[in-house]
Amino acid sequence: MFRDGARKSMWQAEIKRYGTVFSEDLRYDVVIIGGGITGVSTAHRLQLSGLNCLLLEAKNLGFGTTGGTTAHLNDFFDTTFKEAIGKFGLDNACLLVDAGKEAMRVFHSNVTQHSVDCDFEEKTAELFAVDEDQVSQLEDIVDGAKQVGYQMHYTDRIDFPIPFRKAVRIPGQAQFHPIKYIRALAEVFIENGGAVVENCLCESHEESEEGVLLHTSLGEVRAKHAVFATHTPPGISLLHFTTAPYRSYVIAFSLKGNSYPSTLGYDLYDSYHYYRTHQIDGKKMVIADGEDHKTGHTGDAGACFSRLEDHCRQQFDVDRVEYAWSSQYFEPADGLPSIGVLPSSEGRVFVATGFRGNGMTFGTLSSAIITDLINEGSSRYEALFNPKRFRPTAGFTTFIKENATVLKDMIGDKIGMERIRSLAEIGAGEAKVIRHEGRSYAVFAEQDGELHVLRSTCPHAKCEVRWNNAELSWDCPCHGSRFNVNGQILNGPTTTGLERIE
Ligand SMILES: Cc1cc2nc3c(=O)[nH]c(=O)nc-3n(C[C@H](O)[C@H](O)[C@H](O)COP(=O)(O)OP(=O)(O)OC[C@H]3O[C@@H](n4cnc5c(N)ncnc54)[C@H](O)[C@@H]3O)c2cc1C
């Protein structure tokens, strides 16, 4: 298994394994924790700036959401420019435009400078409204874009067989193969003296005037600085209260004819669907994404795939669904990512999280911001994305709603848990969280009857895990930690697995 779920993504055949040994005697300039697009891009940029870096990854490069993304590269975001103007003011919304353009420049320069073969293609994006509600949303989006000087043009045709009321075209976007990209950057990083260590979980860290000491599953590492590029920081952080975990579903399918769309397409449903074409081993496929929900908040994750497939079959002449997988992202309460000094840090530990569905862009941007913060001591985007910025005014309602849900989940699951007299009550293929003789367990019975019994309380913040029948995982609805049926960690913020009961 090379990713954080039981289903195969269309990218993971390109995953390559690296070493699992490091020297405890060495002291690095920077240790970067997390081998997704954020960690690899940051390690690459810091090493090329002349620093001596170590990249640590709990499993393998691309194990997290970067291995389950859809890899659209956009400089417009899930948080629209109109929303950004409303929450942060016109000047900051203009800075957000610059941030997007800078990420595109950094990405483009990485690809051209190192001749990276990652199926990179520049594309036009098409945003389309399919009903009257969406028309007014689209008009708002265009109005916000106009105010910040970002180009969007109305169009009367789109490259998708989807009936629409109104649409815009946005030039200068892109798509690529995420694993080929991070693998190529990792290789440049290594060629330039950087070290990659996989199967190394960072369990905790201590910061002092001498630097940062990381306690990992393979031993201790010392560095002047550390960067948590772990999608959400491990341990307990303020950022777990200002970001919430969501799941999103992807299918990749072939068409009966050869009318594959040549643009990137987005409707305006909540949650929205988005589409693009990618060719793997000579086979063209449309990639479609949608059906998002808060992690642990669906009784039947498998049904999300069925709904997404039904939706696609209504729009496209689908031949065969070749891949179906899901993955996780983090929604920030005020709509903008957190990139900079970790809230609990005195200035030597950095973090990048809360990317919504724009982590290809914000992960790339993080590499530039964090490199500037470490080398120059400042970045022009420092205040906009400051992880400590959280102000009650921008996103306060979302903050209250998300944390009320966490509390409700935490208490409700403990009260509502099923009580059983014997484990034999759990049928083949069934999974349940149960209370038995005063303790709670997560139990999964394989088809052949073999039982996997785990303690069901997430070690991170003591919520009860819930079953994900699509990825065969136990997911924590509070902060997004996930575990496989053996209790091993799939996603943080936990740094401890679920105890297995033999
Ligand atoms: C279905 C889906 C589709 C998406 N599509 C797009 C898209 O088209 N365009 C876009 O811009 N964004 C998209 N996103 C968002 C984007 O994919 C993510 O924001 C991005 O991949 C996050 O990258 P990352 O490197 O920060 O985190 P990850 O890729 O999750 O990497 C974090 C890594 O850290 C490791 N790790 C975690 N904890 C520890 C620890 N304690 N010690 C050591 N290692 C650890 C993990 O194993 C993991 O490999 C999508 C998201 C989803 C869910």
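Phe81, Lys82 and Ile85 of helix H2 meet Asp140, Asp143, Gly144, Ala145 and Gln147 of H4, where contact means heavy atoms within 4.5 Å. By class, this contact of H2 with H4 holds 3 nonpolar, 2 polar and 3 charged residues. Here Ala, Val, Leu, Ile, Met, Phe, Trp, Tyr, Cys and Pro count as nonpolar, Asp, Glu, Lys and Arg as charged, and the others, Gly among them, as polar. The axes of H2 and H4 (residues 132-147) come within 7 Å and cross at roughly 65°. Helices (H or I, at least four residues) and strands (E, at least two) are DSSP runs, numbered from the N terminus.

The model is predicted, with pLDDT of at least 70 needed for local features and pLDDT 80 or more for side-chain atom pairs, while totals for chains, interfaces and linings use all residues. Residues are numbered from 1 along each chain as its sequence is written, and side-chain values use heavy atoms, leaving out hydrogens and water.

Two packed helices are described by the angle between their axes and the distance between the axes. Axes are lines fitted to C-alpha atoms, for helices over the stretch in contact, and angles run from 0 to 180 degrees between N-to-C directions. Helix H2 (residues 81-88) also packs with helix H3 (residues 90-113), their axes coming within 7 Å and crossing at roughly 140°. H2 and H3 are therefore oblique to each other, on a scale where angles under 35 degrees count as roughly parallel, over 145 as roughly antiparallel, 65 to 115 as roughly perpendicular and the rest as oblique. On the H2 side the contact involves Phe81, Ala84, Ile85 and Phe88, and on the H3 side Leu90, Asn92, Ala93, Leu96 and Val97. These residues divide into 8 nonpolar, 1 polar and no charged.

A further pair is formed by helix H1 (residues 37-48) and helix H5 (residues 178-191), which pack at an angle of about 30° with axes 9 Å apart. H1 and H5 are therefore roughly parallel to each other. From H1, Ile37, Val40, Ser41, Ala43, His44, Gln47 and Leu48 meet Tyr181, Ile182, Leu185, Ala186, Val188 and Phe189 from H5. This contact comprises 10 nonpolar, 3 polar and no charged residues.

The ligand has 37 residues around it, of which Thr38, Glu57, Thr66, Thr70 and Met360 come nearest; a residue is near a molecule or strand if one of its heavy atoms lies within 4 Å of it. A polar side-chain atom of Thr38 is 2.7 Å from a ligand oxygen atom. Met360 places a backbone N or O atom 2.8 Å from an oxygen atom of the ligand, and Cys202 places a backbone N or O atom 2.9 Å from a ligand nitrogen atom.

The peptide bond from Asp270 to Ser271 is cis, with omega near 0°, and Ser271 sits in the loop between strand E12 (264-266) and strand E13 (274-280). Another cis peptide bond runs from Gly492 to Pro493, with omega near 20°; Pro493 belongs to the loop between strand E25 (489-491) and strand E26 (500-501). Asn199, a residue other than glycine, has a positive phi near 55°.

Definitions and conventions. Polar contact = N/O pair within 3.5 Å; in protein donor to acceptor, adjacent residues only side chain to side chain.
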